[in-house]
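I opened a notebook for this structure.

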Amino acid sequence: MLDMITVESLTKKYGRGMTAVDDVSFTAATGRVTGFLGPNGAGKSTTMRIIVGLTPATSGTVMVDGRRFTDLPNPGTEVGVLLDASAQHAGRTGREILTLAQRTMGLPRSRVQEMLDLVSLTSHEADRRVRDYSLGMRQRLGIGTALLGDPDVLILDEPANGLDPAGIRWMRDLLRGFADQGGTVLLSSHLLHEIEVVADDLVVIGNGRIVAQGTKSDLLAAAGTIVRARDAAALAQAMESAGLTFSGHADGSVRTEASPDRVGEIALAAHVVLTELRAAEGAGLEEMFLELTADTQREGAAA
Amino acid sequence: MTTTVLTPSTPATSQPDAVVGRTRRPQPRIPLTRIIGVELRKMFNTRSGFWLMASLVITNVLATAAIIVFAPDDQLTFDNFAAAIGAPMTVILPMIGILAVTSEWSQRSGLTTFTLVPHRGRVLRAKFLAATTVGVVSMFVALVVGVLGTLLGSAVAGVDPVWNVSAAHFALIVLGSVLGMLFGFMLGLVIRNSAGAIVTYFVYTLVLPPLLGLLAANQRWFADVQPWVDYSYAQRPLFEGTLTSQQWQHLAASGVLWFLLPMAVGLFVVRRAEVK
Ligand SMILES: Nc1ncnc2c1ncn2[C@@H]1O[C@H](COP(=O)(O)OP(=O)(O)OP(=O)(O)O)[C@@H](O)[C@H]1O
Ligand SMILES: [Mg+2]
């Protein structure tokens with residue numbers, strides 16, 4: 001396993017003290033899907049634009065396969081990129097957009113039809129202008145453009161956005177297959193369920209800074225314990241006097257960093273009857289995400 | 001803010017070696033000719049682009065027909081055809097030049113373009129050469145239409161065709177038209193917005209010249225420097241077919257001021273700006 005994408009101390013400042021990306025470092029490895037998560041405005045798209053050279057970084061470096069992106073002789077054949085499916089000339093047909101990319105990369109013409117088949121755009125749709133495409137059709141076209149050059153690396157910004165359920169399933173299988181064949185995928189998404197199913201590694205960012213990174217299994221395992229008691233107040237008091245930090249949820253459950261084992265002991269000693277006690281990994285990525293990014297959420301204390 | 005960083009970030013689970021890194025042979029850099037080909041294609045493959053190109057030919061034919069129908073017999077000379085055909089060209093060619101650049105920003109297709117070729121200078125060089133090619137070729141198309149118009153017009157009127165435009169004069173007209181187109185290209189590069197660049201172009205061609213003319217008529221000092229600093233004024237002799245060496249110097253000096261300098265600034269900015 002190799003680090004295919006290496007981001008080191010990346011910082012991007014926009015004027016007047018606005019820091020969109022703040023000293024971000026992470027890697028995306030071959031054979032793995034790396035999920036890139038964070039609330040709105042966290043800096044995911046900015047980071048991805050910097051990786052492919054569309055936005056200049058204020059400081060820090062990005063390497064793709066050991067080289068700067070701009071040093072790749074024919075980038076489309078090594079790195080497939082989809083940043084914004086709507087960023088296409090509205091007056092071109094889908095087929096023309098693929099043809100322009102195919103010609104730029106110097107690929108055989110047959111690749112265009114292959115990609116249209118792969119992303120399930122019919123010939124009739126391919127000959128319509130992108131102006132008249134639905135969101136999901138644009139997304140499919142964008143995915144087709146990214147895959148056109150048969151790259152080793154995929155960088156996708158919210159690719160599942162607008163796809164129908166079958167499309168999402170297809171996309172998930174595609175990314176899994178791509179990584180299993182030794183490809184590298186860096187994927188941002190707000191569909192946490194998708195990320196949870198497909199990603200091997202996670203990078204979580206909030207307000208431009210990395211708040212967590214690691215393998216999905218490690219991160220979810222580290223998420224602590226969910227506990228629920230018949231007498232919630234008594235449980236809270238017991239945990240507080242034991243020095244645990246915890247947060248309560250609207251449904252009456254309480255979540256803490258401590259292990260289920262320790263929470264059980266505390267409850268027993270305080271004679272609190274528990275109705276639920278389990279490791280929090282079952283709570284899943286959404287819990288972890290909301291907790292990790294609580295400080296940076298727009299909605300305030302969402303977790 | 002607490003930072004939960006689980007190091008090492010690279011996961012410990014090992015993968016079979018077979019799936020690691022697909023081998024591929026080293027690739028050649030994308031040749032400029034290929035980018036030029038793609039940029040030429042982009043000028044035709046949208047509805048607006050296609051009709052802009054088509055309108056070049058259509059206005060050529062309409063202008064020719066109008067001369068044949070309305071001009072008196074002794075006016076059916078090649079220079080009249082050339083002038084009638086040239087007028088719409090000097091408006092349409094700059095539009096083509098503008099859109100060749102601005103569509104990447106206004107339509108946001110630059111996101112793909114500059115990712116596939118992450119060297120903006122190369123893409124813009126290709127666009128420049130593609131636009132120039134279109135400009136020169138369309139002038140030769142216009143030449144053919146003008147020749148046919150002259151032959152047809154004089155045949156209809158029963159007079160001998162009058163060929164009163166020399167090859168050298170035609171070359172100057174081509175130069176003047178292409179310079180106009182490249183001025184549009186420069187505006188596109190500096191403004192990077194289709195509507196803004198087009199409006200600026202019309203201010204430059206329709207509003208500015210009478211104002212500068214008024215200034216020259218009333219201010220002695222400006223009348224003296226105008227040929228040196230007024231680019232469109234300096235271009236006019238090109239269409240008349242002869243330039244003195246001093247007029248060439250006027251063209252060069254005003255060209256540096258109105259074309260090369262802004263172009264350099266535009267290039268400098270575009271190569272550093274964010275594409276989003
Ligand atoms: N040109 C710019 N000038 C100033 N601020 C900018 C500029 N571009 C982006 N930003 C800011 O940078 C921050 C990061 O934006 P970015 O688009 O990377 O977020 P994101 O993580 O992709 O969010 P989302 O999930 O909503 O797509 C935002 O606060 C945004 O307002
Ligand atoms: Mg984004």
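I count a salt bridge when a side-chain nitrogen of Lys or Arg is within 4 Å of a carboxyl oxygen of Asp or Glu. This is a predicted model, where local features need pLDDT of at least 70, side-chain atom pairs count only at pLDDT 80 or more, and totals for chains, interfaces and linings use all residues. Residues are numbered from 1 along each chain as its sequence is written, chains are lettered from A and ligands numbered from 1 in the order in which they are written, and side-chain values use heavy atoms, with hydrogens and water left out.

**Entry: the interface**

I began with the salt bridges. Between chain B and chain A the rule finds 3 of them. I looked up the pair A:Arg49 and B:Glu274, whose side chains form a salt bridge at 3.0 Å, N to O. Side chains of opposite charge can pair when their charged atoms come close.

Next I took polar contacts. They are pairs of N or O atoms within 3.5 Å; within protein, one must be able to donate a hydrogen and the other to accept it, and residues adjacent in sequence count only if both atoms are side-chain atoms. Between chain B and chain A, 19 residue pairs are in polar contact, both residues at pLDDT 80 or more.

Which elements of chain B give two or more residues to the side that touches chain A? They are strand E1 (4–5), helix H1 (32–44) and helix H4 (110–116). My helices (H or I, at least four residues) and strands (E, at least two) are DSSP runs, numbered from the N terminus. H4(B) gives the largest share of this side, 6 residues. By class, this side of chain B has 16 nonpolar, 18 polar and 12 charged residues. Here Ala, Val, Leu, Ile, Met, Phe, Trp, Tyr, Cys and Pro count as nonpolar, Asp, Glu, Lys and Arg as charged, and the others, Gly among them, as polar.

I then noted the extent. Contact (heavy atoms within 4.5 Å) takes in 46 residues from chain B and 61 residues from chain A. The two chains bury about 4,800 Å² between them, 54% of it on carbon and sulfur atoms. Buried area is the accessible area (1.4 Å probe) that two parts lose on being put together, summed over both.

**Entry: cavities**

I work on a 1 Å grid over the protein atoms alone: a cavity is a set of points where a 1.4 Å probe fits but cannot get out, a pocket is an open set with protein on both sides within 12 Å along at least five of seven lines, and lining residues have an atom within 4 Å of a point. Grid points are joined across faces, edges and corners, and a volume is the space filled by probe spheres set on the points.

I find 4 cavities of 30 Å³ or more.

Of its 16 lining residues, A:Leu100, B:Lys42, B:Thr112, B:Thr113 and B:Leu116 are closest to the centre. Helix H2 (94–105) of chain A, with H1 and H4 of chain B, each give two or more residues to this lining.

**Entry: pockets**

The largest pocket has a volume of about 680 Å³. It is lined by 25 residues; A:Gly53, A:Pro56, A:Arg68, A:Thr70 and B:Pro118 lie nearest its centre. By class I note 11 nonpolar, 7 polar and 7 charged residues in this lining.

The second largest pocket has a volume of about 430 Å³. Its lining has 18 residues, with B:Thr90, B:Tyr201, B:Thr205, B:Ser232 and B:Gln235 closest to the centre. H7(B) gives the most to this lining, 6 residues.

**Entry: chain A**

Over all chains the salt-bridge count comes to 20. One of my look-ups was A:Asp180 with A:Arg176, at 3.2 Å, N to O. Both lie in helix H6 (residues 165–180) of chain A, 4 residues apart, about one turn of the helix.

Last, I looked up A:Thr275, in strand E13 (residues 274–279) of chain A. Leaving out residues up to four places away in sequence, A:Thr275 touches A:Arg228, A:Ala229 and A:Arg230.
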